[in-house]
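Thanks, everyone, for making the time this morning. I would like to walk through two parts of one structure with you, so please have a look at it before I go on.

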Amino acid sequence: MATFQAPKGTYDLIPPVSVKYLAVREAIAAPLRNSGYGYIETPGFEDVGLFARGVGESTDIVSKEMYAFETKGGDQLALRPEGTASVLRAALEASLHKKGNLPVKLWYSGSYYRYEKPQAGRYRHFSQVGAEAIGAEDPALDAELIILADQAYRSLGLRNFRILLNSLGDKECRPVYREALQSFLSGLDLDEETVRRAEINPLRVLDDKRRDVQKQLVGAPMLRDYLCDACKAYHEEVRALVTAAGVVFEDDEKLVRGLDYYTRTTFEFVHDGLGSQSAVGGGGRYDGLSEMIGGPALPSVGWALGVDRTVLALEAEGVDLDIPASTSVFAVALGEEARRVLFGKVTELRRAGVAADFSYGGKGLKGSMKDANRSGARFTVVAGERDLAEGVVQLKDMESGEQAPVALADLVATVQARLA
């Protein structure tokens, strides 16, 4: 057993499982790249104040789960617990909102960190792919992101997920609802921490998963009854555009999500095959976040989809991804001269765009063929001294088992033709 192990609540991605994670990331990113979203990458840690202001001090993410530390220089930093605040900070710092047409459309992929109780689908280190559309208030953008996420999941073969949709109102109508909700909550038997949370952001209490709290929330005022006409019209337009695209969703009046910055549109993707950790992704509109972190008014919308939970959802549905073998040709050399020649041919194959590998370590024919089988290669190239004397190699089709000599000079072209 190794001396060191991965920290509690984290994991290592190791072949062949890691290939599945890469395929999920690519499937989520593909429709974004096809819709005008450019790639952005931000540091794994930021000023702790960015998340305290943006995500919200009343959230569990900031108050309980954030990995915060002080550097040797005295800076207060935190490992990023989510992606939106970092992406918006980077866009503002680079003045992207001043350099072209709005919205600025960005996508990203990376690891995020929260100190949580480890369980299936909930880790202290997890992977997400996210998208943000910065600088425009348009129901079509909200609808676009919901549709693109739906497209990504369906391209993977997922079918048993649901989209939950709600509106959280804006700075005009939410204060009225906030006052009504706080009045209702003040009459409940809540613990000290929950009472503190209700004072900072009462919507957080609606997101409380504890059964005793949820029982007391029966009869709580509903936000839909307090939406202003502008928010109602905006939400109906989002619903109409998503429906027109053939994407099915469910209205969920209790959906608030776990971050303080959301306004108006909020949505979540859930999969009932994952147990209590049913959310595989989600997002919404965050029109005031830019101003919260010191930027200009930039209405924006975005989402993040969990790669880890998407993989679990695929497994729950029994979906096997169609992942091509990482190696197309495996070369087995018998003898030193054959080793030198075949290594050169492997290099040629790679330069020609063919995925090729080589039997390293001086193994015999039996051991090398075992390696070839494990690699999943479509073809194996075998050559010994006699083959080279005749100017040929033996090309074996690993699917049919057929083997035939091929002129050494024609090997690359022959392989390319057969793979095509």
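T380 stands opposite K396 in β15, and on the other strand that I want to discuss, F330 is the residue that stands opposite T380 in β14. Please keep in mind throughout that this is a predicted model.

Let me place those pairs in their strands. Strand β14, residues 379–383, is joined to strand β15, residues 392–397, by four bridges, and these two strands run antiparallel. With strand β12, residues 329–333, by contrast, β14 pairs in the parallel sense, over five bridges.

How many of the residues of β14 are buried? Five of its five residues are, and the strand is accordingly described as mostly covered. As for the directions of the side chains, F379, V381 and A383 point one way from β14, whereas T380 and V382 point the other way, and all of them are buried.

I turn now to the helices. The axes of α6, residues 174–185, and α7, residues 192–200, come within 10 Å and cross at roughly 160 degrees. Because that angle is over 145 degrees, α6 counts as roughly antiparallel to α7. The crossing of α6 and α7 is left-handed.

Which residues make this contact? From α6 there are R178, Q182 and L185, and they meet A198, E199 and I200 in α7. Sorted by class, the contact of α6 with α7 has three nonpolar residues, one polar residue and two charged residues.

Technical notes:
Residues numbered from 1 in each chain as written. Predicted model: local features only at pLDDT ≥ 70, side-chain atom pairs only at ≥ 80, totals over all residues. Heavy atoms only, no water. Axes fitted to C-alpha atoms, helices over the stretch in contact; angles between N-to-C directions. Parallel < 35°, antiparallel > 145°, perpendicular 65-115°, else oblique. Left-handed = near helix turned anticlockwise from the far one by under 90°. Contact = heavy atoms within 4.5 Å. Nonpolar A, V, L, I, M, F, W, Y, C, P; charged D, E, K, R; others polar. Buried < 20%, exposed > 50% of the residue type's maximum accessible area, 1.4 Å probe, protein only. Pairing = 2+ DSSP bridges.
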